[in-house]
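Subject: Structure handover

Hello,

Here is the structure I said I would pass on. Please look it over; my notes follow below it.

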Amino acid sequence: MINEAILQMSYWEIIAALLSIFYISLAIKQNIWCWIAAFFSTLIYSILFFDATLLMSSFLNAYYLIMAIYGWYSWKIRNDYKDSNLKISTLNLSVNAKIIVVLSIISIVLGYYMTNYTNASYAYLDSTITIFSLVATYMMTKKILDNWIYWIIIDSAAIYLYFKKEFYVTSILFLIYTILAFLAYMEWKKEYKSYQEIDKS
């Protein structure tokens with residue numbers, strides 16, 4: 001069954017997956033071109049997920065389109081003015097705890113609605129991944145270090161969701177995402193610590 005699905009998989013899914021890998025790889029290095037790769041990848045995924053009735057995932061990727069544009073603008077405008085260079089920052093434990101509680105409640109409410117009033121598949125899991133991804137994406141546009149921790153958890157959950165919906169290439173992609181998110185966190189954390197050392201000196 002899996003072999004047949006792989007043989008029949010959409011070339012568009014492969015293209016979207018490759019673009020997504022480019023996106024993460026460039027984002028790790030804080031390369032502004034990551035947002036271009038993100039734009040085209042999410043455009044493709046918006047269509048694929050809608051066709052598979054992963055409605056919240058489709059909505060999420062439509063949101064990614066907007067955030068790709070905003071991310072490009074946010075990083076570029078800061079880079080154009082050295083005195084306002086966008087640097088990596090972080091949130092304290094209290095703020096993160098509040099974010100998690102609020103997003104969890106929203107996810108449950110949305111999951112209930114999607115389960116009872118739409119034909120959405122895996123509505124609670126899909127909704128949770130979507131809601132947390134919305135905030136994690138915004139964090140990335142602001143270069144908030146914590147975004148990568150959120151992505152490690154989000155991507156791990158997405159592996160299961162997309163595997164169950166027979167998006168096998170995408171499931172493998174999210175496994176790669178999880179690994180890259182961990183590497184990105186270490187890379188960004190190293191740079192963040194260098195800022196702190198400079199500020200102390």
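I start with Met139, which is placed in helix 6. Please bear in mind throughout that this is a predicted model. The relative accessible area of Met139 is 2%, so this residue counts as buried. Between the C-alpha atoms of Met139 and Ser89 there are 9.7 Å in space, while the two residues are 50 apart in sequence.

Overall make-up

The protein has 8 helices and 0 strands. Read from the N terminus, the order of elements is α-α-α-α-α-α-α-α. Of the 201 residues in the protein, 45% are buried.

Helix 6 and its neighbours

Helix 6 covers residues 123-141, and helix 7 covers 147-164. The crossing of helix 6 with helix 7 is left-handed.

How do helix 5 and helix 6 lie to each other, given a crossing at roughly 140°? Helix 5 spans residues 93-117, and its axis comes within 8 Å of the axis of helix 6. Helix 5 passes helix 6 in a right-handed crossing.

In the loop between helix 6 and helix 7 sits Lys143. Lys143 is not a glycine, yet its phi is positive, at about 55°. With a relative accessible area of 5%, Lys143 is buried.

Helix 2 is made up of residues 11-28, and helix 3 of residues 34-51. Helix 2 and helix 3 pack with their axes 8 Å apart, at an angle of about 150°. Helix 2 and helix 3 are therefore roughly antiparallel, and their crossing is left-handed.

The loop that joins helix 2 to helix 3 contains Gln30. Gln30 is a residue other than glycine with a positive phi, near 60°. Is Gln30 buried or exposed? Its relative accessibility is 16%, and Gln30 therefore counts as buried.

The salt bridge

The count of salt bridges comes to 1. Its partners are Glu187 and Lys29, whose side chains meet at 3.9 Å, N to O. Glu187 belongs to helix 8 (residues 168-200) and Lys29 to the loop between helix 2 and helix 3, so the pair ties together parts that lie 158 residues apart in sequence. In general, side chains of opposite charge can pair when their charged atoms come close. The distance of 3.9 Å is within the 4 Å cut-off for a salt bridge.

As for accessibility, Glu187 is partly exposed at 36%. Lys29 is exposed, with a relative accessible area of 59%.

A nonpolar patch on the surface

Which residues form a nonpolar patch on the surface? They are Trp33, Ile36, Phe40, Leu43 and Ile47, and together they have about 480 Å² of accessible area. Phe40 is part of helix 3. The relative accessible area of Phe40 is 43%, so Phe40 counts as partly exposed. That value is over the 30% required of a patch residue.

Phe167 is located in the loop between helix 7 and helix 8. At a relative accessible area of 10%, Phe167 is buried. Phe167 and Phe49 are 118 residues apart along the chain, and their C-alpha atoms are separated by 9.4 Å.

Where to look

If you open the model, these places are the ones I would list:

- Lys143, with its positive phi of about 55°.
- Gln30, with its positive phi near 60°.
- The salt bridge of Glu187 and Lys29.
- The surface patch that includes Trp33 and Phe40.

Regards

Terms used. Residues are numbered from 1 along each chain as its sequence is written. This is a predicted model: local features need pLDDT of at least 70, side-chain atom pairs count only at pLDDT 80 or more; totals for chains, interfaces and linings use all residues. Side-chain values use heavy atoms; hydrogens and water are left out. Patches are made of residues with over 30% relative accessible area and no salt bridge: like charges are joined within 9 Å, nonpolar side chains (Val, Leu, Ile, Met, Phe, Trp, Tyr) within 5 Å. Accessible areas come from the Shrake-Rupley method with a 1.4 Å probe; for residues, only the protein chains shown count as cover. Helices (H or I, at least four residues) and strands (E, at least two) are DSSP runs, numbered from the N terminus. Buried means under 20% relative accessible area, exposed over 50%, partly exposed in between (1.4 Å probe, protein chains only). Axes are lines fitted to C-alpha atoms, for helices over the stretch in contact, and angles run from 0 to 180 degrees between N-to-C directions. Angles under 35 degrees count as roughly parallel, over 145 as roughly antiparallel, 65 to 115 as roughly perpendicular and the rest as oblique. A crossing is left-handed if the near helix is turned anticlockwise from the far one by less than a right angle, and right-handed if clockwise.
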